[in-house]
Amino acid sequence: MQTFEGRRLTVQYAAARNTSNRDPGTRVTASQPSRTLFIGNMAFDMSDRELNQLFRETRNVIDVRVAIDRRTGQPRGFAHADFTDVE
């Protein structure tokens with residue numbers, strides 16, 4: 001676990017979905033691995049610069065960007081990080 005500006009950061013990996021309750025005729029396909037990481041539950045005052053500093057020591061990071069509300073121009077509380085590969 002890491003701490004950034006007094007907030008604890010925890011990585012939570014997505015668990016496999018339970019498909020036993022689905023209709024047998026419903027087709028379920030697994031999604032492909034992605035090079036983009038969703039970062040949620042961020043402080044609304046966190047900037048691109050601060051987030052890039054946090055990921056600076058992580059290898060294979062291409063870009064980190066905070067989502068901004070088009071109407072208000074304020075951060076939306078989540079971001080995305082792009083990596084060079086899935087590994």
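Strand 3 and strand 5 run antiparallel and are joined by 4 bridges; strands here are DSSP runs of E with at least two residues, helices are runs of H or I with at least four, and both are numbered from the N terminus. Two strands are said to pair if DSSP finds at least two bridges between them. The model is a predicted one, where local features need pLDDT of at least 70 and side-chain atom pairs count only at pLDDT 80 or more, while totals for chains, interfaces and linings use all residues. Residues are numbered from 1 along each chain as its sequence is written, and side-chain values use heavy atoms, with hydrogens and water left out.

Next comes the nonpolar core, meaning a set of buried Ala, Val, Leu, Ile, Met, Phe, Trp, Tyr and Cys residues joined through side-chain atoms within 4.5 Å. Buried stands for under 20% relative accessible area, exposed for over 50%, and partly exposed for anything in between (1.4 Å probe, protein chains only). The largest such core has 11 residues, among them Phe4, Met42, Leu51 and Val66. Helix 1 (48-55), strand 4 (61-68) and strand 5 (75-83) each supply at least two residues of this core, and strand 5 gives the most, with 3. Ala81 is also a member of the core. Leaving aside neighbours within four places in sequence, Ala81 is in contact (heavy atoms within 4.5 Å) with Arg35, Thr36, Leu37, Ile39, Phe55, Asp63 and Val64.

With 52% relative accessibility, Phe38 counts as exposed. The structure holds 1 aromatic pair. Its rings, those of Phe38 and Phe78, have centres 5.6 Å apart and planes at 35°, so the pair is tilted. For such pairs, ring centres of Phe, Tyr and Trp (its six-membered ring) must lie within 6.5 Å; planes under 30 degrees apart count as stacked, over 60 as edge-to-face, and the rest as tilted. The two partners, in strand 3 (residues 36-39) and strand 5, are 40 residues apart.
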